[in-house]
Amino acid sequence: QVQLVESGGGSVQAGASLRLSCVASGRTFSGYGMGWFRQGAGKEREFVAVISWSGGRIYYADFAKGRFTISRDDAKNTVFLQMNSLKPEDTAVYYCAAADGLYVASVKYDYWGQGTQVTVSS
């Protein structure tokens, strides 16, 4: 069993930055892909970024490239999503998730956090 807990969301103005954190517990994560997804009101859940737990491989959604950075701290079992130059369209609940590989499809992820709300005002 894996438990994931996100934090770091909030309400900010356009152009601001936020750093989301996801703390994982319950087992080791070697070989896992740790992903970030988001879901805006009335929209489907969409892929943001994914990183391998110990290999450092990274993939980003097109909208995230150049603005968002995914990283990890292995010693603290924590994955981060640094979000810069936030836009109103980034408003969503952000979720971290764990899979047995590097995937962009949400259905491939076995474990999910509770989500953290990000609201960006113009």
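1. Let's start with the surface. The accessible surface of the protein chain comes to about 6,000 Å², and 46% of that belongs to carbon and sulfur atoms. Keep in mind as you read on that this is a predicted model.

2. Now the inside. Of the 122 residues in the protein chain, 43% count as buried. We will meet a few of these residues by name further down.

3. What about secondary structure? You will find 11 strands and zero helices in the protein chain. Read along the sequence, the pattern is simply β-β-β-β-β-β-β-β-β-β-β.

4. On to overall dimensions. The C-alpha trace of the protein chain spans about 40 × 30 × 25 Å along its principal axes. A compact globule of 122 residues would have a radius of gyration near 14 Å, and the protein chain has 13 Å, so the two agree.

5. How far along the sequence do the contacts reach? Take the contacts in the protein chain between residues at least 6 apart in sequence: 55% of them join residues at least 24 apart.

6. Another pair to find in the viewer is F63 with F68. This aromatic pair is also edge-to-face, at 6.2 Å centre to centre with 90° between the planes. How do its two members stand towards the surface? F68 is buried, with a relative accessible area of 2%, whereas F63 is partly exposed, at 26%. The cut-off for buried is under 20% relative accessible area, which is why F63 does not count as buried.

7. Which residues do ring pairs link into a cluster? The members are F37, F47, Y95, Y109 and W112. If you colour one thing in your own picture, that group is a handy place to begin.

Notes
Residues numbered from 1 in each chain as written. Predicted model: local features only at pLDDT ≥ 70, side-chain atom pairs only at ≥ 80, totals over all residues. Heavy atoms only, no water. Helix = DSSP H or I, 4+ residues; strand = E, 2+ residues; numbered from the N terminus. Rg over C-alpha atoms; globule rule 2.2 N^0.38 Å. Buried < 20%, exposed > 50% of the residue type's maximum accessible area, 1.4 Å probe, protein only. Contact = heavy atoms within 4.5 Å. Areas by Shrake-Rupley, 256 points an atom, 1.4 Å probe, with all protein chains shown as cover. Phe/Tyr/Trp six-rings, centres within 6.5 Å; stacked < 30°, edge-to-face > 60°.
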